[in-house]
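Here are my notes on the model, point by point. Please read them with the structure open.

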Amino acid sequence: MKEGKNQEKNMTTIICILGMIFLLFASIFILIFVSNTIERQKVYKNANLVEVQATIIGYREETIYTNNNSIPIGTSFNTYYKYTSSDGTVYSSFWQTRIKTEEEAKEQIGKKVKIYVDDELKVHTKSLSNDKTGVTIGATMGALCLLLSLGLFIYLVIKFVQWKKNKPQTKKLSKEEKKKEPPKNFCVLHRAIILLSVFMIIGCVGSSISKEKEYQVYANAHFEEVEGVIYKYKEFEMDSLPYYATYYKYVDRDNNEYMNLWQNDIYDKKKAEDEVGKVVTLYYDSKLGVLKSLSDWKVPSKPNHTLNIIVFVIFLILFLNSLVRFIRFIVRDKRYEAEQKRQREEGQYER
């Protein structure tokens with residue numbers, strides 16, 4: 001009976017520890033997301049947004065699923081807008097979602113809608129209002145997870161103190177008596193922790209190095225002006241209306257070919273045919289490839305390694321703790337075996 005209660009207590013403790021770790025990581029992820037959202041909102045707040053007229057250019061059918069995303073229960077339609085600035089930058093995104101019928105979505109095509117653009121920062125938005133509801137909910141959830149994790153930690157500390165206080169007093173063994181006792185073997189547990197920690201540490205370091213290298217590639221990019229050629233066009237159809245897209249090709253000094261879309265709003269086949277063979281100006285970097293315009297280029301923000309550092313420190317502590325305990329067990333086990341061997345030899349000598 002007592003053994004069953006002990007097992008139940010141990011299971012409760014394990015569940016509390018796992019719950020504490022899960023809530024801690026959940027709070028970290030949520031608060032990092034909230035922080036990034038706030039930074040994006042600051043960018044829009046400081047942007048010099050100008051009202052412009054975009055055009056609804058199309059729609060897309062979306063499947064609606066049940067809450068667990070397993071069973072399709074219907075369809076809806078999303079419309080999309082497009083705006084091309086004077087420097088050739090294209091701003092596009094969805095305009096309206098969850099439109100019930102295709103007819104309603106079709107009626108929007110060609111409609112002019114207001115959006116707000118900052119050509120210097122290359123950002124745009126559909127509304128000047130800054131909705132802080134998502135940030136508030138995220139911050140509340142992150143704080144709640146953090147508080148619950150802290151509460152579980154305090155609960156475990158209290159339980160540990162109570163256990164230490166109520167633990168029956170045992171006779172303290174001398175060094176000689178300790179040598180006679182076999183060391184407790186937790187090698188399987190510590191090996192698992194060591195392997196998991198090594199995997200996570202390598203993953204964190206590798207992820208940070210990879211992010212930093214990628215950032216350096218973008219930060220040190222040097223685009224040179226080169227000449228490409230329009231090498232083909234394709235015909236497409238939308239709402240029974242044909243339109244044409246042209247594609248460019250550029251071959252660098254190492255014979256690497258770069259091909260991509262050049263223009264996709266041509267409605268005259270003869271014009272599309274005339275574009276083939278035309279020389280166009282492109283911008284080339286040996287590591288990042290080809291851009292149609294330098295306005296498409298934007299150096300990404302410096303990578304944030306906060307989460308990697310937190311995970312690295314946690315698993316480094318777990319690794320060092322298990323490694324020390326594993327080595328201590330091996331040393332004690334060797335000493336115990338040597339002591340047992342010595343006692344057997346002394347017993348045989350006395351006989």
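1. Lys270 and Asp274 sit 4 residues apart in helix H6 (residues 269–275), so about one helical turn separates them. Their side chains form a salt bridge, with the closest N and O atoms 3.1 Å apart. The term salt bridge needs a side-chain nitrogen of Lys or Arg within 4 Å of a carboxyl oxygen of Asp or Glu. Lys270 is partly exposed at 48% relative accessibility, and Asp274 is partly exposed at 49%. Buried stands for under 20% relative accessible area, exposed for over 50%, and partly exposed for what lies in between (1.4 Å probe, protein chains only).

2. A word on the source. This is a predicted model, in which local features need pLDDT of at least 70 and side-chain atom pairs count only at pLDDT 80 or more, while totals for chains, interfaces and linings use all residues. Residues are numbered from 1 along each chain as its sequence is written, and side-chain values use heavy atoms, with hydrogens and water left out.

3. How many salt bridges are there by this rule? The count is 5. One of them joins Glu212 and Lys302, at 3.0 Å from N to O. This pair links distant parts of the chain, 90 residues apart. Glu212 belongs to helix H5 (residues 187–219), and Lys302 to the loop between strand E10 (289–291) and H7. Glu212 is partly exposed, with a relative accessible area of 22%. Lys302 counts as exposed at 52%.

4. Another salt bridge pairs Arg253 with Glu224, where the closest N and O atoms are 3.3 Å apart. Arg253 is in the loop between strand E7 (241–251) and strand E8 (257–266), and Glu224 is in strand E6 (residues 224–238), so the pair ties together parts 29 residues apart in sequence. Arg253 is exposed at 66% relative accessibility. Glu224 is partly exposed at 30%.

5. Asn255 is exposed, at 63% relative accessibility.

6. Which residues form the positive surface patch? They are Arg325, Arg328, Arg332 and Arg335. Arg335 is in helix H7 (residues 306–350) and is exposed at 59% relative accessibility. Patch residues have over 30% relative accessible area and no salt bridge; like charges are joined within 9 Å, and nonpolar side chains (Val, Leu, Ile, Met, Phe, Trp, Tyr) within 5 Å. Lys and Arg count as positive, Asp and Glu as negative; His and the chain ends are not counted. A charge is placed at NZ of Lys, CZ of Arg, CG of Asp or CD of Glu.

7. There is a nonpolar surface patch as well. Its members include Leu147, Phe153, Ile154, Val157 and Trp163, and the whole patch has about 880 Å² of accessible area. Ile154 is in helix H3 (residues 133–166). Its relative accessible area of 43% makes Ile154 partly exposed.

8. Now the overall figures. The protein has 7 helices and 10 strands. These are DSSP runs numbered from the N terminus: helices (H or I) of at least four residues, strands (E) of at least two. Buried residues make up 25% of the 351 residues. The accessible surface is about 25,600 Å², with 57% belonging to carbon and sulfur atoms. Areas come from the Shrake-Rupley method with a 1.4 Å probe; for residues, only the protein chains shown count as cover.
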